[in-house]
Amino acid sequence: MPSCTRCRATDEHVPTEAMAQYYADRASFGLLITEGTMIQRGYSTFGHEPGIYTREQVDAWKKVTDAVHDKGGIIYLQIMHGGRATVDKNLSAPLKVMGPSALGIKGHPCPSVFTRDGSAQEYPATVEPMTEEQIKECVGRYARAARNAMAAGFDGVQIQAGNGFLIDQFINESCNNRTDAYGGSIPNRCRFLLEVVDAVKASIGANRVAVRLSPLDSFLDMTDSDPEATTHYIAEQLNTRKIAFVEVVRGDTIGPERGAEVWVRERFTGVLIVNYDVTLQEGEEYIASGKAEAVSFGRLGVANPDLVFRIIKKAALNDPDGATLFAGGEKGYNDYPTLETSEEAAERIANYTAPEEEQERSAVKQFSAEESMIARSRGNSVSARRVSFSEKLVSQEVSIEPIDPEEAATPSKQPVSGDALLKPLLFPTGSLMNRCVMGTLPRQRAGEDHVPTEAMVKYYQDRSQFGLILSEPIAVQPGYHSYVRSPGITTKQEVEGWKKVTTAVHEKGGVIFCCLHHAGRVTVEGNLEGETAVSVCGPTEHGVTGAMCPAVFAKSGESQPYPSTVKALRKPVLEWIVKLYAVAAKNAMAAGFDGVEIQAGNGFLIDSFLRDGGNQGREDEYGGTLENRARLLLQVVDAVSVIGADKVGVRLSPLDSSNGMSESDVDGLLAYVGKELQKRKIAFIEISNGSEGNYTATDATGPLEKLRPVFKGMLFSDENLTPEQAEGRLQSNAADAAVFTLAAVANPDLVDRIARQCGLQEVNMDTLFTEGETGYNDYLTATALRQKSYEERLRSWRRCRKM
């Protein structure tokens, strides 16, 4: 079922209970695509269409997706911007109607059902041309809307690039007379579309992204001198991006022209859905001939919630009531008669028995990453509804078998439901696919020049399914390293190396933050390089006592004590270090990171100032009282917030005793620091009980409870928890997300394993910090392990069939 404007949302553009019923009643369709949904606050196209930019909207859409998924359906959200196709009265001040150029719509008045004041009126003759900065902001809105759609439980998004709306306006010559990079040639006019596709793909993964095109549609004053060439170019570009599908409006909705689907098929080899005035017979012919993988029925879907059942039964169809399509209210919405109830349809689908050849195909089908992503997006760890467009959109239930005990080193004692862990998280910078966070951990696989390597690119990309990745510690001061072969973010080569990592993560739909790190006194002089890092330093002359620098951390390869005395940092040097953090944060943005985490725990530089166990005897404004000891942390947070406070997180470890650390008043420290960080409105605080794979405290519940009343942002818990324990933390609301560190190393597919109730592999501690691939990119996923027994399962199934 394609996108059909229905205008039933509230005045605040919030989906209603009636909308939940409307979509749930049509869950028997192979795929549902919602009505066009606003991505920009205050910029309405139809007066009462829904939005996807506030928490209230996301929560309301979640009721819709839950209702659809409960009936076994699959639903995509169409994200759109009206551009010039609206009127000033639909907009909130100070917004103005805008488009690619000043050219407005002529000859197509805006009907009364699409205006906030209920009066028919002309579209503006001239509109505000968008600046390049506005274009970039709009691209970001599409990406944010896509992430919010994931938080709302949608299975994917469709980008509205047709029907005369904003993206289509850039594509068509009739309303785009720009002379910059977004106008003129076909590639230039298509640039905005492709930037939106790339941004959305980077946010949620290409397999969740679709595009709607209408190359021949002249509605809303749209024309193109060579629509075939334009469509060929777009189809070629979308083909390289391997998106989920393209839906094409095959003709002109106000004229006789047809055939746009042929142009798309000539250049696009992926899934093609044909729309507009397709009869049931034509639909059969499209699919049988391979000219399309599916067809979408708009008005027939509106009038026949049970259209699929009616097709099966060859029953008569209801006619749509055109007068109530956009009228609001129940009439013409949830009152169309059906031949079977949605409950009967669900029971029929559940009891469906596939032909024998389909059973055999299902018996040996591997549960792919895409399929498990669908399962996670629904918060359903028991089964996932699989849709294979390459098999003519045949839907079937896929049983998720637990991995064999011998194929996983350490199965979970009890299967974890993952209801909370797998639930999307509405994060300040956009929605996270789940609440599993990959924690920061030194891996020491950078080059001798501290530039990230290709092995690191693969390592992080393989873990893109985590809701959020926190990178390994990354040095903010040139030449000042805690660990041999640790990466930096201070040179052009380092930034370019990290750009490869972030690009790879984004291609898989992941989100990654850069962990900004300064070792302070937790290093040895042999690890320091260059002119600016000549001696180990700290708050005072007191070094780390009672702790050794392991051989694997030392450039010399020899175990040795950390220095017992270090250089006390003077105020001018501290001010310089604060600036280094700000530069590193900017470099992280240039490298494509989605944000930064400030390492303020585990005994490193900021923590050694913050906790009294590391800051003893300092008498200036950076020592003594708690307010003074927290000064460096807060100065760094303020400096780093140049990239936006909503892109900043802080890691604290108030109970961790590693690296000679302690704190006499944990509760007081948390109350003060939490209150100060709340004033700064940062994204999250992570509470850690250990570092470098060693956890010295066993329970972070106390610190989390102390922070919750004073800090309203996200709280992350890093306690070396099992999935079962982490689920409990989230269910009790002690934390908003759980950090997995050692488990993330050994289980690149940890989120899949939780969704499928698989056991976890144990990490090899002997290879955590060594060179090479061993213990790095050689941990197998559950799917790879299952492949070992593929043929045996097939033979066993065939033997059972013969019995």
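Tutor: Start with α1 and helix α2 (residues 55–70), whose axes come within 8 Å and cross at roughly 25°. Keep in mind that this is a predicted model.

Student: Why give an angle and a distance?

Tutor: Two packed helices are described by the angle between their axes and the distance between the axes.

Student: Which residues in α1 and α2 meet?

Tutor: From α1 there are E17, M19, A20, Y23 and A24, and they meet W61, K63, V64, A67 and V68 in α2. By class, this contact of α1 with α2 has eight nonpolar and two charged residues, with no polar ones.

Student: What about α15 and α16, at what angle do they cross?

Tutor: Helix α15 (residues 454–461) and helix α16 (residues 492–507) cross at roughly 30°, and their axes come within 8 Å. That makes α15 roughly parallel to α16. The crossing of these two, α15 and α16, is right-handed.

Student: And which residues meet there, between α15 and α16?

Tutor: E454, M456, V457, Y460 and Q461 in α15 are in contact with W498, K500, V501, A504, V505 and E507 in α16. The residues of this contact of α15 with α16 divide into seven nonpolar, one polar and three charged.

Student: Now α7 and α8. Roughly parallel or oblique?

Tutor: Oblique. The axes of helix α7 (residues 227–241) and helix α8 (residues 260–267) cross at roughly 40° and come within 8 Å, and α7 and α8 are therefore oblique to each other. In this pair α7 passes α8 in a right-handed crossing.

Student: Which residues does α7 bring to α8?

Tutor: P227, E228, T231, H232, A235, E236 and N239, which meet W263, V264, E266 and R267 in α8. The residues of the contact of α7 with α8 divide into four nonpolar, three polar and four charged.

Student: Different topic. How many cavities of 30 Å³ or more are there?

Tutor: Nine. The largest cavity holds about 110 Å³ of space.

Student: What lines the largest cavity?

Tutor: A161, D168, I171, N172, L213, S214, P215, D224, P227, T230, T231 and I234. Two or more residues of that lining come from each of α4 (166–171) and α7. The largest share, four residues, comes from α7. By class, the lining has six nonpolar, four polar and two charged residues.

Student: And the second largest cavity, what volume does it have?

Tutor: About 60 Å³. Its lining is E448, H450, H481, Y483, V484, R485, N527, E529 and K555. By class, that lining of the second largest cavity has two nonpolar, three polar and four charged residues.

Key:
Residues numbered from 1 in each chain as written. Predicted model: local features only at pLDDT ≥ 70, side-chain atom pairs only at ≥ 80, totals over all residues. Heavy atoms only, no water. Axes fitted to C-alpha atoms, helices over the stretch in contact; angles between N-to-C directions. Parallel < 35°, antiparallel > 145°, perpendicular 65-115°, else oblique. Left-handed = near helix turned anticlockwise from the far one by under 90°. Contact = heavy atoms within 4.5 Å. Nonpolar A, V, L, I, M, F, W, Y, C, P; charged D, E, K, R; others polar. 1 Å grid on protein atoms, 1.4 Å probe; cavity = no way out; pocket = protein on both sides within 12 Å on 5 of 7 lines; lining within 4 Å. Points joined across faces, edges and corners; volume = space filled by probe spheres on them.
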